[in-house]
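I opened my notebook to look up the disulfides. My entries follow the picture.

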Amino acid sequence: MELTAHLIAQLLPEARLPGAALPRAVGVEFSTERLRPGQVFFALQGERGHGIRFAPQAVEMGAAFVVSDRDYPGAVIVPDARKALYRLAAYAREQLRGPVVAVSGSVGKTTTKQYLACALNAFYSAGNLNTLPALAARMVGAAVEDPERPLVLELGIDHPGEMGQLVELVRPDIGVLTAIAPSHLERLGSLEGVAREKSLLLKRSPVRFASLQAAALLPEPVPGLQTYGLRSECRNGPEDEPGVGVQGCVASKGEWHQEVKAGGATFTVNAPGRAVATNAVAAFAVGRSLGIPATVLSSRLSQCNLEDSRLQLKKAGDLRIIDDSYNSNPASAASALDVLREQPQPWVAILGDMLELGEESRRYHLEIGEASIGLDLVIAVGPEAAYIQQANPRSLTVHDAEEATRLLHRIPAGATVLVKGSRGVRLEKVVQALLQASRDGERAASGGTR
């Protein structure tokens with residue numbers, strides 16, 4: 001697909017082109033933080049202002065041209081820049097000939113997306129860029145770069161009706177639902193509300209995959225649903241059971257990896273924990289359904305690594321840091337604590353608030369506090385920390401990440417430190433402080449010459 005101002009004008013007859021010729025573009029973006037030279041900058045109306053104020057910066061950074069509903073010299077002017085982006089994405093979707101896979105779930109969707117991208121050798125949406133404009137931009141980019149290549153997109157929701165909008169835009173060939181768990185309860189209301197909203201992905205995808213956990217919580221049966229999961233142990237004989245889809249098992253574990261068997265193949269998962277292994281099995285199941293040989297899938301999955309701040313092992317002096325600071329909810333926090341307990345002691349957990357749980361917040365923070373009993377040190381961060389301490393009186397509470405960094409001296413030597421919290425708590429500051437302290441210690445030990 002050639003991305004030009006004339007294409008936008010063809011799709012939007014009401015668009016007004018500038019007098020000067022504009023170059024062909026390599027993609028689209030609506031944030032100058034991610035803009036690359038040669039992309040079209042869509043200046044969108046936001047909650048806290050209009051993107052047109054960033055147009056000069058975008059041009060200076062090498063944007064091919066600007067699209068906006070506000071006047072700007074040399075820009076393509078449209079009645080509504082956001083709708084223009086979605087119309088362009090709809091056209092791009094028509095050009096995509098490789099399979100489009102959409103992933104959603106309360107937990108595990110980003111990791112599953114990463115394994116799917118590896119297994120299918122696909123384009124994918126980076127990080128948690130899972131909103132309508134972010135997905136639209138990625139679809140356009142894929143159509144420009146290589147419309148034959150598979151595309152894996154992560155769909156994130158936090159209110160009723162949003163999944164329908166996302167699926168209408170993406171029109172996935174394959175839908176994958178990783179898990180149904182308490183998340184965004186402030187607006188989705190209950191676990192049943194989460195299940196009802198998430199299930200729309202499966203209903204509107206021609207090919208449907210769901211974990212055994214998610215399938216058991218769907219509000220109604222989904223015809224043609226294919227399931228995947230992880231058995232408690234490996235066994236002799238057929239690995240897949242009739243009627244339950246692809247079931248893998250963990251054959252062995254290393255320091256920070258595990259060998260997984262599924263569908264007659266064995267591959268390495270470069271992270272610990274049953275949840276991550278299950279996500280890799282999902283990617284294997286989808287890849288197998290597309291006819292990719294098991295040997296190819298095994299090789300690709302074995303070379304796959306998770307994105308930053310998602311169950312990553314980092315070393316800081318004699319400390320082992322489990323950096324899972326990107327986000328948190330009750331299910332993912334419980335899973336991360338299980339991973340911590342599989343690592344060498346002493347065990348330390350720095351647990352940030354789990355946000356957007358509404359009226360259920362107290363209950364779920366009490367449960368995580370109870371799950372943390374027996375650890376050598378627990379530091380709970382945020383306004384809900386008091387509930388963690390109520391369940392685990394030995395835990396320490398602090399107001400924010402900055403205050404948590406002042407307690408890092410309490411961490412025992414040689415500890416494994418889990419850092420886990422919702423994005424808004426900003427616990428990446430704690431990870432950075434631990435790593436910086438280690439670097440400062442190394443410089444001091446070398447006499448400041450490093």
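First, a definition. I call a residue buried under 20% relative accessible area, exposed over 50%, and partly exposed in between (1.4 Å probe, protein chains only).

Next, the ground rules. I am reading a predicted model, where local features need pLDDT of at least 70, side-chain atom pairs count only at pLDDT 80 or more, and totals for chains, interfaces and linings use all residues. Residues are numbered from 1 along each chain as its sequence is written, and side-chain values use heavy atoms, with hydrogens and water left out.

Entry: the search. I looked through the whole structure for disulfides (pairs of cysteine sulfur atoms within 2.5 Å). I found two.

Entry: Cys118 and Cys304. Their sulfur atoms sit 2.1 Å apart. The S-S torsion is about 70°, so this disulfide is right-handed. I then checked where the partners lie, using helices (H or I, at least four residues) and strands (E, at least two), which are DSSP runs numbered from the N terminus. Cys118 is in helix H4 (residues 109-120), and Cys304 is in the loop between helix H11 (294-302) and strand S16 (312-316). The two are 186 residues apart, so I noted a link between distant parts of the chain. Cys118 is partly exposed at 21%. Cys304 is buried at 0%.

Entry: Cys234 and Cys249. Here the sulfur atoms are 2.0 Å apart. The S-S angle is 100°, and the link is right-handed. Cys234 lies in the loop between strands S12 (226-230) and S13 (246-253), while Cys249 is in S13, so the pair ties together parts 15 residues apart in sequence. Cys234 is partly exposed at 28%. Cys249 is buried at 1%.

Entry: the pattern. I numbered the bonded cysteines in sequence order and got the pairing 1-4, 2-3.
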